[in-house]
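Please read the briefing below alongside the sequence and the coordinates. It is arranged by topic, with the criteria given where each term comes in.

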Amino acid sequence: MLAEPNCRPASAIPEAENTLAHSRGRLRSNAGNDKTCLVQIYPPNVVDGMLLLEQPKILVGRDTNANLVLADQSVSRSHAELEWTDDGYVLRDLGSTNGTQVNDASVQSRLLQSGDTIHFGIFIFRFLTADSIETQYHETVYNALVRDVLTGTMNKRYLLEVMEREIARAVRQQSLLSVTMLDIDHFKSINDTYGHLIGDEVLKQFGGRVANVSRCDDLLARYGGEEFCLLMAGTDLAEACEIAERCRQVVANTPFQTEVGPLDISASFGVACLDPVRAISTLDFLQLADQKLYDAKSAGRNCVCS
């Protein structure tokens with residue numbers, strides 16, 4: 001006999017705050033410049049193709065404790081480091097087996113300039129600063145590859161690649177990983193009644209509201225149509241349900257302002273947590289959350305089921 005789904009009604013959890021109090025911050029660089037970055041040229045990488053340099057010291061290597069992990073035998077465990085100085089980022093080789101090259105010349109220590117090409121083993125990166133037109137170009141191309149054009153959230157392709165990596169990491173490290181499937185209730189009737197332009201407006205606002213109450217390390221992606229997915233690393237089922245409830249409240253409690261006037265919108269949420277002991281594919285993990293989403297729809301919509 002199937003267990004009764006755990007569905008939370010609208011009153012189950014107190015009102016959501018505007019932001020999560022426990023959002024995880026990042027150590028930012030002294031550069032005060034969020035656009036200094038490494039762009040991975042080879043091998044091509046959709047998931048981490050543009051790496052913002054947000055820390056004053058960045059360890060590069062094969063070791064899983066490195067800030068920039070390059071999993072190939074051509075890269076030493078502690079291969080090199082980038083350190084922010086008053087003059088900019090300095091690249092230092094850490095006695096790596098195959099050396100570190102900048103613009104095809106082996107280096108021990110080098111102050112990087114925008115446009116420099118860096119080799120760590122088989123990996124090739126381009127170092128770019130904010131004042132570089134090339135930075136803007138790469139950022140535009142990268143965003144086109146990984147973001148949903150309409151909502152600005154990440155796209156399905158990016159989500160699936162990240163999920164595959166995060167599932168493998170969770171199993172390897174026996175760590176927590178949760179996923180939530182989100183679906184706007186009665187979205188077809190919105191399109192049928194008001195037209196697709198209003199439907200698009202609702203989708204954009206929906207993505208924005210959910211993103212605003214998600215934590216900075218959570219991954220929100222549009223899965224397709226009116227369905228979204230929220231991937232939460234290091235999060236157990238109870239905490240994932242709390243986050244989903246905050247998202248539900250921020251959607252349902254305030255009407256969406258549209259060109260045809262305010263619209264009351266709600267959404268249903270299905271939450272699943274990975275069992276790190278049992279191997280599971282990305283699609284099977286999503287299917288677990290999708291089944292809980294179906295339970296939420298069956299329970300009357302506008303609720304969280306796990």
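Predicted model: local features only at pLDDT ≥ 70, side-chain atom pairs only at ≥ 80, totals over all residues.

Residues are numbered from 1 along each chain as its sequence is written, and side-chain values use heavy atoms, with hydrogens and water left out. Helices (H or I, at least four residues) and strands (E, at least two) are DSSP runs, numbered from the N terminus, and two strands pair if DSSP finds at least two bridges between them.

**The open sheet**

- An open sheet is formed by 6 strands in the order β3-β2-β12-β11-β8-β9, with antiparallel pairing.
- Because β3 (50–52) and β9 (105–107) stand at the edges with a single partner strand each, one side of each is left without a neighbour in the sheet.
- From one strand to the next the twist averages 30°, where axes are lines fitted to C-alpha atoms, for helices over the stretch in contact, and angles run from 0 to 180 degrees between N-to-C directions.
- Strand β8 (residues 100–102) is joined to β9 by 3 antiparallel bridges, with Thr 100 opposite Val 107 in β9.
- Another 3 bridges join β8 to β11, again antiparallel, and here Val 102 has Ile 118 in β11 as its bridge partner.

- β11 pairs with β12 in the antiparallel sense over 4 bridges, one of which has Phe 120 and Phe 123 as partners.
- The two strands β11 and β12 form a hairpin with 2 residues between them, and Gly 121 in the turn has a positive phi of about 60°.

**The pairings of β15**

- Strand β15 (residues 227–233) is mostly covered, with 6 of its 7 residues buried.
- Strand β13 (residues 177–184) pairs with β15 in the antiparallel sense over 7 bridges, and Leu 177 has Ala 233 as its bridge partner.
- Strand β14 (residues 219–224) pairs with β15 in the antiparallel sense over 5 bridges, with Leu 219 opposite Leu 231.
- In the hairpin of β14 and β15, which has 2 residues between the strands, Gly 225 takes a positive phi near 60°.

**Helix α6**

- Helix α6 (residues 282–298) has 17 residues and reaches 24 Å from its first C-alpha to its last, close to the 24 Å expected at 1.5 Å a residue (1.5 Å times one less than the number of residues).
- Its buried residues include Phe 285, Leu 286, Leu 293 and Asp 295, and just after α6 Gly 300 takes a positive phi of about 115°.

**Rings and charges**

- The count comes to 4 aromatic pairs, where rings of Phe, Tyr and Trp (its six-membered ring) pair if their centres lie within 6.5 Å, with planes under 30 degrees apart counted as stacked, over 60 as edge-to-face and the rest as tilted.
- Tyr 89 and Phe 127 form an edge-to-face pair, 6.4 Å centre to centre with 75° between the planes, and this pair links strand β7 (residues 88–93) to strand β12 (residues 123–128) across 38 residues.
- Both Tyr 89 and Phe 127 are buried, and together with Trp 84 they form one aromatic cluster.
- The charged end of Lys 156 sits over the ring of Tyr 223, 4.4 Å from its centre (NZ of Lys or CZ of Arg within 6 Å of the ring centre and within 35 degrees of the ring normal).
- The charged end of Arg 209 sits over the ring of Phe 256, 3.9 Å from its centre.

Key. Buried < 20%, exposed > 50% of the residue type's maximum accessible area, 1.4 Å probe, protein only.
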